[in-house]
Amino acid sequence: MRALIVTSPTGIFSTNLHNMSSLDDTAQEQLQLGSCYQDQLLRFVNNSFLADVSFLVGADAKRFYAHRVLLVHCSEVFSEMFRPRAETTKKRKSVTTVIVKNVKPSVFLEMLYFIYCGDCEVTRKNVFDLLLVASKYLIYYLQKKCERFLMENIEIVLEEYVAASKRIDLRVQQLCLSQISSNIVKVCQLPQFLKLPGTLVLMIFKQKFRHGTDRQLMDAVDRWRASQKDQDQANRVYRIVESHSPAGIANGRVSSDGTADRTSIRALAVGPTDQVEASSFPFEPMQPMSSEVTSV
């Protein structure tokens, strides 16, 4: 059952209809009106009636219909894409076609549900794809919804982090690192953390953390080190992380510009770390709309 999104004078909130008994008469009336409004919008998802834009999505170019007025309300990217231009206004056809590459049709449809109804189905299988498409089109509240899901299921992030590293998916890898750095203390307590290879541990501890003390983080690395079969490499990873911690800088084990132990990091074959840092994720350059057929 999709949650009901209701706009009120105090903001936007969501609830399920079976919770209505606990609300006062005014709130119940708002929910009933909101439910009617949401049902009406739901009928327009991928509906050609009055549609003024269509999308050809994925490798099979599956067609989806949409309505610009709703797209531009939720996305700065769509707002810029469909902004009226004097040179194209007279030539514009009834329906503009936009080609969307590298997005799964099922994910694009869930994005449309969110734009039209304020809700979509986020699962373990589609959360990273949804987060990528929300980042691509700058749909802020969809991003937050996916991030909340990952925060509540943080073990998924570590699993996908390892998988993305194996297939060299730099966009998803950087996305995972961002989530890990925001929840580092919780991540370090997971059993999966102890199974990470040394190269991925180093990449994690190159991030800036919002939470956790230096001692908490070093204790986590120490636990990881104790669980490793290759103690020589584990000790090298520990020394590198320790030397780059604030305590390591204070004790003179690394210079303040972070130049010490660079050769040790390279020797561990960290891999695509520099590529990850240099990647343009999460945004892709927009192409100007030179005709009625656009590719994004």
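Reader: Which residues does Tyr161 touch, not counting those up to four places away in sequence?

Author: Contact means heavy atoms within 4.5 Å. By that rule Tyr161 touches Gln173, Cys176, Leu177, Ile180, Leu196, Leu200, Met203 and Ile204. Please keep in mind that this is a predicted model, where local features need pLDDT of at least 70, side-chain atom pairs count only at pLDDT 80 or more, and totals for chains, interfaces and linings use all residues. Residues are numbered from 1 along each chain as its sequence is written, and side-chain values use heavy atoms, with hydrogens and water left out.

Reader: Which residues touch the most other members of the largest nonpolar core?

Author: A nonpolar core is a set of buried Ala, Val, Leu, Ile, Met, Phe, Trp, Tyr and Cys residues joined through side-chain atoms within 4.5 Å. Buried means under 20% relative accessible area (1.4 Å probe, protein chains only). The largest core here has 73 residues, and Tyr161, Phe55 and Met111 touch the most other members. Helix H5, residues 105–117, gives this core its largest share, nine residues. Helices (H or I, at least four residues) and strands (E, at least two) are DSSP runs, numbered from the N terminus.

Reader: How many aromatic pairs does the structure hold?

Author: Rings of Phe, Tyr and Trp (its six-membered ring) pair if their centres lie within 6.5 Å; planes under 30 degrees apart count as stacked, over 60 as edge-to-face and the rest as tilted. There are nine such pairs. Phe55 and Phe78 form an edge-to-face pair, because their ring centres are 5.8 Å apart and their planes stand at 65 degrees. This pair links distant parts of the chain, 23 residues apart: Phe55 sits in strand E3 (residues 53–57) and Phe78 in helix H3 (residues 76–81). Both Phe55 and Phe78 are buried.

Reader: How are the rings of Phe78 and Phe82 arranged, stacked or edge-to-face?

Author: With centres 6.0 Å apart and planes at 10 degrees, the rings of Phe78 and Phe82 are stacked. Both of these residues, Phe78 and Phe82, are buried. Ring pairs join Phe55, Phe64, Phe78, Phe82, Phe108 and Tyr137 into a cluster.

Reader: At what angle do helices H6 and H9 pack?

Author: Two packed helices are described by the angle between their axes and by the distance between the axes. H6 (residues 127–136) and H9 (residues 170–182) pack at about 95 degrees, with axes 11 Å apart. The two helices are therefore roughly perpendicular (angles of 65 to 115 degrees). On the H6 side Phe128, Leu131 and Leu132 meet Arg171, Val172, Leu175 and Cys176 of H9.

Technical notes:
Axes fitted to C-alpha atoms, helices over the stretch in contact; angles between N-to-C directions. Parallel < 35°, antiparallel > 145°, perpendicular 65-115°, else oblique. Buried < 20%, exposed > 50% of the residue type's maximum accessible area, 1.4 Å probe, protein only.
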